Amino acid sequence: MSANQSQFKSLLSKVPEVTVFFWIIKVLCTTVGETFSDFLNVNLGWGLTLTTIIMGIAFAIVLFLQFKATKYIPFIYWLTVVLISVFGTLVTDNLTDSMGVPLELSTIVFSVLLGLTFLFWYLSEKTLSIHSIYSRKREAFYWLTILFTFALGTAVGDLFSEQLGLGYLKTGITVLVIIAAAFVAWKLKLNEILAFWVAYILTRPLGASLGDYLSQSKKNGGLELGTTGTSIIFLIAIVAIIIFLAVSKMDIISKSETAPIKPSIGNQKNVFIQTIAVLVIFVTVGIVGYNWCNTNIVPEVDSSQTTLSGQLNDFIVIENDMVSAVQANDFAKAKSRADDLEHDWDVAQAKLRKIDRKTWTQIDGTIDDVLAANRSKSPNADKCKTTLDDSLQVLNESNK
């Protein structure tokens, strides 16, 4: 390939240069993905299914524009990242909340899918560098990889922060420490492409934990800024940085930058060894961390307790209080009790899920409907009452 051809391909690169602004806006986008999906699902009362459909359509439209573009355009590229973040979050949420797929299984499946995407991408293109995204095939591999990183990051973040009870702040700090370790490893000669993708994958659970920590109530271990406030703050920050980048062009790949040079056999072997080592470290840390949380954080369950009978009294009381509030058109009290319901359910979920995962998933779905209906901007009394009646029926039957 001639130098002119290499420069031409570099000019057509569809992704930005990796700068400090790249990582800042990436974390901001992942945070918005977590909070904005919750805002649409719960605060606006759209529900998980409708939110997924609408955001899926929006993502498909913007992705089409991204593919149609002939070069990197900041607004289109980062809007695609925001929407794929929201959609990737919703994919995992649907598997967990609507289909009852365990987060452990989602984590394993998305890890395998991500690994296979990397494998087929490399076998086809001989590089995983984002500086080489100048063909439709490479761009397709790139966005498929991004989608799986968001879905995987959501599953891992929810698994440790919520199901295993580590909490949003501690999960975020843990991920930040691992990212810092990856940065140090890169400084100590870890392959830059490998280091990039490790950091890229980890910024998803980091952003999600940050979003949950800022938006969730203080009862749930957050700062109680709300999904609306958090989403607006971060969207404004994203737009401001995008405008800055569009004007300064600091994230445009240099015209003089050539396509990646094909690595030597020796270098390929070194990267392969590093990749295997990183995979072993992550699998080991993941398994050890999972077992530690299960042993030290998740409450012990009596082996004789195989059903949720007698474990749901508090939730039945709260929902009956909400029914009374709705009947009296006291939606402020209904929303307050909805906060209590969410908090108590989140605290108890690790133990209850351990006792009977199938029933827990069924109840969890009805509680999500209750929260969405009662927290709607303009609550509908009939809808609130219907969701509460449905949830109470499941709770009462499971509590017998």
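Modeller: What follows describes the pocket and then the parts of the chain around it.

This is a predicted model, in which local features need pLDDT of at least 70 and side-chain atom pairs count only at pLDDT 80 or more, whereas totals for chains, interfaces and linings use all residues. Residues are numbered from 1 along each chain as its sequence is written, and side-chain values use heavy atoms, with hydrogens and water left out.

The second largest pocket holds about 1,200 Å³ of space; a pocket here is an open set of points on a 1 Å grid over the protein atoms alone, where a 1.4 Å probe fits, with protein on both sides within 12 Å along at least five of seven lines, and the volume is the space filled by probe spheres set on the points, which are joined across faces, edges and corners. Its lining (residues with an atom within 4 Å of a point) numbers 50 residues, and the closest to the centre are Val42, Gln216, Glu342, Leu371 and Arg375. Two or more lining residues come from each of several helices, including α2 (20-43), α6 (136-163), α9 (226-248) and α12 (331-355), while α13 gives the largest share, nine residues; helices are DSSP runs of H or I of at least four residues, numbered from the N terminus.

By residue class, the lining divides into 13 nonpolar, 17 polar and 20 charged, where Ala, Val, Leu, Ile, Met, Phe, Trp, Tyr, Cys and Pro count as nonpolar, Asp, Glu, Lys and Arg as charged, and the others, Gly among them, as polar.

The chain is divided into domain 1 (14-252) and domain 2 (312-399), with bounds from an automatic or database domain assignment, and each of these domains gives at least three residues to the lining of the pocket. The centres of the two domains, taken over C-alpha atoms, are separated by 30 Å, and the contact between them (heavy atoms within 4.5 Å) takes 15 residues from domain 1 and 17 residues from domain 2.

Threonine 230 is placed in helix α9 and counts as buried at 1% relative accessibility, because buried means under 20% relative accessible area, exposed over 50% and partly exposed in between, with a 1.4 Å probe and protein chains only. Leaving aside residues up to four places away in sequence, threonine 230 touches Thr31, Thr35, Gly211, Leu214, Ser215 and Leu225. Alanine 140, in helix α6, is partly exposed instead, with a relative accessible area of 37%.
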